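Me: Got a model here. Can you walk me through how its helices and strands pack?

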There are 2 protein chains.
Amino acid sequence: MADLVRIREVGLRDGLQLVKDVLPTELKLEWIEAAAGAGLPEIEVTSYVPPHVIPQFADADAVTAAALEVPGTLASALAVNLKGAERAYDLGIGKINYVISASEMHSRANVRRTRQEAVEAFRAVAAERRSRGLEGKVALSCGIATAFGCTLQGEVAEADVLRLVAEAVEAGADEIMIADTVGYADPLRVRRLFAAVLAETGSTPVAAHFHDTRGLGLANVMAAVETGIRRFDASLGGLGGCPFAPGATGNIDTEDTVYLLETQGLSTGIDMRALLDLRSRLSAWLPNETLGGAVQKAGIPGLAESYPSLATAMA
Amino acid sequence: MADLVRIREVGLRDGLQLVKDVLPTELKLEWIEAAAGAGLPEIEVTSYVPPHVIPQFADADAVTAAALEVPGTLASALAVNLKGAERAYDLGIGKINYVISASEMHSRANVRRTRQEAVEAFRAVAAERRSRGLEGKVALSCGIATAFGCTLQGEVAEADVLRLVAEAVEAGADEIMIADTVGYADPLRVRRLFAAVLAETGSTPVAAHFHDTRGLGLANVMAAVETGIRRFDASLGGLGGCPFAPGATGNIDTEDTVYLLETQGLSTGIDMRALLDLRSRLSAWLPNETLGGAVQKAGIPGLAESYPSLATAMA
């Protein structure tokens with residue numbers, strides 16, 4: 001298993017999305033710079049939505065422009081429709097994260113459209129990329145949300161997920177991201193669904209997005225790793241949640257996820273000391289948020305000798 | 001994997017051990033009765049130590065006597081020396097949990113004796129059982145503490161763990177319990193150590209005791225399950241810690257562990273609704289303790305249809 005795992009920090013987008021206190025733009029940039037400095041290969045820096053919908057992302061253009069100047073990391077951002085994608089293309093971003101809900105009810109509640117309309121909008125986003133001559137320059141990631149079930153609809157059929165994956169790949173997705181938006185995944189279902197998705201995607205890489213809603217987040221990461229997944233979304237301090245998942249604990253913690261993966265002989269390329277330093281600053285920036293993260297709390301004393309990769313990071 | 005997993009509730013012992021507020025005896029009994037009612041097959045009800053060492057266990061005799069009257073569960077208790085075991089035999093308990101530290105430094109700091117002295121004391125406990133004619137009537141479990149490393153000593157050699165396991169089995173242990181006392185385990189090391197221990201123990205069952213110190217508790221449970229382990233210690237709300245593991249988060253949560261195992265098609269025989277009801281009462285009984293447990297926080301709405309075993313429990 002000694003290979004590379006790519007972690008995308010989504011705290012600035014999925015994490016901040018439900019945070020009432022608007023984080024000042026300069027702190028967002030400090031976060032991006034520190035995350036890049038800690039070795040995070042990709043950072044989802046913002047979301048292109050109208051400011052009245054989510055005031056937290058009113059500075060999306062400024063954040064994007066500044067993030068694109070930060071060396072050593074790939075800045076990506078969320079666009080859930082053609083309008084958002086056009087803004088992203090105009091800004092010169094290198095990767096757009098798009099999302100389709102596998103749950104029809106979640107799709108209608110979250111973005112007021114059917115799943116099929118979401119697929120068609122993704123095709124329009126890809127067509128726009130083509131017409132701008134940006135193929136090979138801007139990557140398109142297509143996430144499948146509520147892939148393990150939905151608080152509104154209940155069960156989500158695996159066949160629905162696989163059909164959407166196939167349509168996204170066919171439309172031009174450079175990456176498929178499978179999201180357990182409300183925390184219904186468990187190791188057994190993770191293995192089953194990701195194996196089926198991998199059989200569908202061929203050479204298109206597949207990422208996993210887990211929430212730790214019911215405590216199974218890192219057990220799910222292990223199951224996905226064992227199934228061959230090497231790309232994971234995570235947010236510092238587990239910041240995040242979902243408006244349709246009441247009480248949800250948020251995303252899996254970046255720092256605990258890195259710790260888990262490194263102990264398994266996988267390399268994240270992330271400097272744990274720098275990451276924990278950033279994590280401490282985050283607590284100060286968001287005093288009204290309850291942040292998680294067991295490694296932050298317990299530290300990793302005495303572990304350096306057991307894990308050469310962490311020892312290097314801590315040296 | 002559709003088989004039985006046996007969970008031992010250790011909140012009343014490992015959980016309460018560091019809790020400053022002494023829980024009244026009647027609430028301990030309410031806890032034991034409710035846990036038994038929820039289907040927990042074994043409850044570690046107390047520890048036989050002098051009251052001045054741990055005032056929380058000053059009522060050990062009364063708790064034991066009352067617990068032995070509770071139907072439907074096996075009451076066990078911790079005894080770390082012959083004196084404690086003699087008290088246990090006198091009280092008529094059906095199972096004694098003994099413990100040996102695999103870390104020489106932890107052994108000296110925790111119970112002021114060498115590992116070899118701990119092995120000899122276990123032999124004396126077994127000899128006493130023989131001389132009282134209690135073989136086949138009182139079970140002896142022998143735990144190996146700090147089996148994955150120690151905050152005081154650092155590394156603990158696998159060979160040391162295996163030697164202690166062999167000595168405990170040879171001395172008459174009916175169960176071996178491998179404990180990650182300070183939260184140094186990870187899935188890779190869990191698989192490696194438990195496979196080696198299982199090769200050593202033959203027909204003697206092996207239990208696992210994990211702390212969630214660095215967030216890997218349930219990932220470690222999965223790894224142990226995959227290695228063939230079917231006995232786990234857990235405490236309600238993750239209550240617990242270790243005086244030599246500063247900042248430690250405590251044991252893995254009983255409720256999250258049950259949820260994980262049931263989603264994997266394993267049967268714990270535990271009624272989740274009754275368990276969560278008890279968990280709510282625990283928060284009220286211990287207002288000064290920060291209890292964990294993601295399932296308690298998020299609930300399991302909409303999941304009944306996905307997991308027939310949980311549906312039955314919730315019915």
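**Helix packing and the barrel**

Me: How do helix α8 and helix α9 of chain A pack?
Reply: Helix α8 (residues 187–201) and helix α9 (residues 217–227) of chain A pack at an angle of about 35°, with axes 8 Å apart. Axes are lines fitted to C-alpha atoms, for helices over the stretch in contact; angles run from 0 to 180 degrees between N-to-C directions. Helices (H or I, at least four residues) and strands (E, at least two) are DSSP runs, numbered from the N terminus.

Me: Which residues make that contact?
Reply: Contact means heavy atoms within 4.5 Å. Among them are Phe194(A) and Leu198(A) of α8(A), and Ala223(A) and Glu226(A) of α9(A).

Me: Before I go on, what are the ground rules?
Reply: This is a predicted model: local features need pLDDT of at least 70, side-chain atom pairs count only at pLDDT 80 or more, and totals for chains, interfaces and linings use all residues. Residues are numbered from 1 along each chain as its sequence is written, chains are lettered from A and ligands numbered from 1 in the order written, and side-chain values use heavy atoms, without hydrogens and water.

Me: OK, strands. What do they form?
Reply: A closed barrel of eight strands, β1-β2-β3-β4-β5-β6-β7-β8 in chain A, with parallel pairing. Two strands pair if DSSP finds at least two bridges between them. Neighbouring strands are turned by 25° on average, direction ignored.

Me: How many bridges join β1 and β8?
Reply: Four, between β1 (residues 6–9) and β8 (residues 231–234) of chain A. Arg6(A) has Arg231(A) as its bridge partner in β8(A).

Me: And what does α9(A) touch on the sheet?
Reply: β7 (206–210) and β8 of chain A. The direction of α9(A) makes about 165° with that of β7(A).
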